[in-house]
2 protein chains.
Amino acid sequence: MAEKEDQEQKRTDVNELGEFGLINHLTSRFSIQKASTVKGIGDDAAVIDHGNNQTVVSTDMLVEGIHFDMMYTPLKHLGYKSIVVNLSDIYAMNAIPEQVTVSIALSNRYSVEALDELYEGIRTACSFYNVDLVGGDTTSSPKGLVISVTAVGSAPKEQIVYRDGAKAGDLICITGNLGAAYLGLQLLEREKQIYLSNPDVKPNLEDQNYLIGRQLKPEARKDMIELFAKNELIPTSMIDVSDGLASEVFHICSQSGVGAYVEESGVPLHPDTEKMAINFNIDPITCALSGGEDYELLFTVSPADLEKVKFMPDIYIAGEIVDKKDGIRLHTKGGNIHPITAQGWNHFNTSE
Amino acid sequence: MAEKEDQEQKRTDVNELGEFGLINHLTSRFSIQKASTVKGIGDDAAVIDHGNNQTVVSTDMLVEGIHFDMMYTPLKHLGYKSIVVNLSDIYAMNAIPEQVTVSIALSNRYSVEALDELYEGIRTACSFYNVDLVGGDTTSSPKGLVISVTAVGSAPKEQIVYRDGAKAGDLICITGNLGAAYLGLQLLEREKQIYLSNPDVKPNLEDQNYLIGRQLKPEARKDMIELFAKNELIPTSMIDVSDGLASEVFHICSQSGVGAYVEESGVPLHPDTEKMAINFNIDPITCALSGGEDYELLFTVSPADLEKVKFMPDIYIAGEIVDKKDGIRLHTKGGNIHPITAQGWNHFNTSE
């Protein structure tokens, strides 16, 4: 109990460091010891060499009240999404996910039937993405639901794509429209507040299936990884868009030691995103840059592969990798140039 | 929001199924799809075939208020233990752990300094056990701290030991004394209650370093796995003792389709365990059978290997595997015979 007092002598709020700062702070003193560790912290997934293929491992934690709100999240969708967000990280390594482990902590507010719903969603995702549930842990929590998923995949060594391979002159590509999942969340939050202040008002979410679907039931781009293999395309770098385009471009640039020039007109936006952003008084490009949870892939390819990506469906060329000294910049439709800065989600603002 | 009401139509409390029942219930509908999945749910770790060696994966979740109490758990020890409990599962497959991922969710009650303490313990464990921290997720929680660790290891295919290989006539072995961690927890809980009712009373934990150490800073039996390799001993089955001897013997028997005859006099107990059990008015053997968190290894060997285990340090022969029809029984020092039944920890009794 003395230990507790010692800890409280100096107190730095985790918000001061931010998400990425905190991760760096906590992990910078760890060193790699095993020959089989090809890649540790700092990419979408770790890479382990166990023989013919390399093993790729990724993990994510979803916390009730932080990542999801039971007021508007069907448990089946939550189970599905908890798998998808992990598989997305494995695909972002250009690898094929094969196994998942799922650990859950839950309060006794959750019944077995509720868990059945959750696992039905997990099962549906495992079946659709062709992965095996191979383990996990099930325990109780004093409050709410926590889901921790680890995904394991594999790929031949020469096929694995990291964040650090982008070179000046490479094309920046995106597999689909961005910002919709963020607006889906804003919509659900707005209707929740209306419902809480007057339970007689029916939620007005008609015609918003697209945006809400992108938030509640995202898909990982398995199809794109398969398309890459079929077309013998290996990106020079890749990351999945979970924290918003700005953050992901920043990660690629910072790890590759390059700059980037992103064309606003090249960033794909769904018509519903454009309409709803205006409705919320937000510039649509801001939703793409700073939203999140789109789970599209952001990747770079050598200019020699331009012909390949030009004829592949669902690939949008959104800019070009440039020298580091030229910075990371957005060229807006209006002809202005803005610097792009990293910003992960800042979850650390809850109080206990 | 309609979904929520539907879920509440039938409500089965998770306590009705118990821990193992719940896991079976939730996972029975999942099927194995990948050729690389050698072993899915149901052992200490999953086994994946990725080439020369097989990959072994295990995961565990530790929840504040369920698995640990910040009143008496130094964060450094908690970080250390969170790694150890996972490595113990990898060793229980006769494999060598090589990588871990660590995900944490924490409320803003935790400062960066507190997290530093936690990660210092994690780093110490990684260093001691020679494993790499290769990933994780760091997020916030509305309340308390949740730690989810996944460990990845490897071993040649022919060396991996499952729970299902025990045969009648095999010897039942244990690597060290049991029940101490459970009594350590009882002691800490007792002193906590005294402290809460009168903060002026100093905790009386002098001379109890052994029991408290077994609870707060357990070690995984890396040394035993190395000793097995050196002596070319491959157990016929193995499990780590995390839920108490009764539960682990039950798992071995049920998965191997055998019975067991456990000699009370063969179950190792530390003198401090014997003394403190009497102090708490519990039969010492009950602490070993139904306690938990000892993280010793329980394994079976062919009678042909008797000479090997007889001369290895820290191996206690505690009984024999028998035919299934003979059941799972404890032969007490007093000459009585009791059936042994499974019992995992029942964590599901918290209310929100």
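1. A quick word on terms before the helices come up: a helix axis here is a line fitted to C-alpha atoms over the stretch in contact, and angles run from 0 to 180 degrees between N-to-C directions. Keep in mind too that this is a predicted model.

2. With that in hand, look at chain B, where α3 (residues 75–91) and α4 (residues 112–129) pack at an angle of about 40°, their axes 6 Å apart. That makes α3(B) oblique to α4(B), since angles under 35 degrees would count as roughly parallel and 65 to 115 as roughly perpendicular. The crossing of α3(B) past α4(B) is right-handed.

3. If you want to find this helix contact on screen, try the residues themselves. On the α3(B) side they include L75(B), Y80(B), I83(B), V84(B) and L87(B). Facing them from α4(B) are, among others, A114(B), L118(B), I122(B), A125(B) and Y129(B).

4. Next, the sheet in chain B. It is an open one of 6 strands, running β1-β2-β3-β6-β4-β5, with mixed pairing. At the edges sit β1 (37–39) and β5 (132–140) of chain B, each pairing on one side only. From one strand to the next the twist averages 20°. As background, strands of a sheet pair through backbone hydrogen bonds, either parallel or antiparallel.

5. Within that sheet, β4 (residues 96–106) and β6 (residues 145–156) of chain B are antiparallel neighbours, joined by 10 bridges. A handy landmark is T101(B), which stands opposite T150(B) in β6(B). Helix α3(B) packs on the sheet as well, touching β3 (53–63), β4 and β6 of chain B, and its direction makes about 30° with that of β6(B).

6. Two loop residues of chain B are worth a click. H67(B) is in the loop between β3 and α3 of chain B, and it counts as buried because it has 22 C-beta neighbours inside 10 Å. Its C-alpha is 9.6 Å from that of V146(B), although H67(B) and V146(B) are 79 residues apart in sequence. N130(B), in the loop between α4 and β5 of chain B, counts as partly exposed, with 13 C-beta neighbours inside 10 Å.

7. Most residues other than glycine have a negative phi. Y295(A) lies in the loop between α10 (284–290) and β10 (297–301) of chain A, and its 24 C-beta neighbours inside 10 Å make it buried.

8. Staying with chain A, how buried is strand β3 (residues 53–63)? Of its 11 residues, 11 are buried, so β3(A) is largely enclosed by the rest of the structure. It pairs antiparallel with β2 (residues 46–49) of chain A over 4 bridges, and T55(A) in β3(A) is the bridge partner of I48(A). β3(A) also runs antiparallel to β6 (residues 145–156) of chain A, with 11 bridges between them; there, D60(A) has V149(A) as its bridge partner.

9. Finally, the overall picture of chain A: it has 11 helices and 13 strands. Its radius of gyration is 21 Å, close to the 20 Å that the globule rule gives for 352 residues, so chain A is as compact as a globular protein of that length. The C-alpha trace spans about 55 × 50 × 50 Å along its principal axes, and 54% of the 352 residues count as buried. Among contacts between residues at least 6 apart in sequence, 84% join residues at least 24 apart.

Definitions and conventions: Residues numbered from 1 in each chain as written. Chains lettered and ligands numbered in written order. Predicted model: local features only at pLDDT ≥ 70, side-chain atom pairs only at ≥ 80, totals over all residues. Buried ≥ 20, exposed ≤ 12 C-beta atoms within 10 Å, placed from the backbone. Pairing = 2+ DSSP bridges. Rg over C-alpha atoms; globule rule 2.2 N^0.38 Å. Contact = placed C-beta atoms within 7 Å. Parallel < 35°, antiparallel > 145°, perpendicular 65-115°, else oblique. Left-handed = near helix turned anticlockwise from the far one by under 90°.
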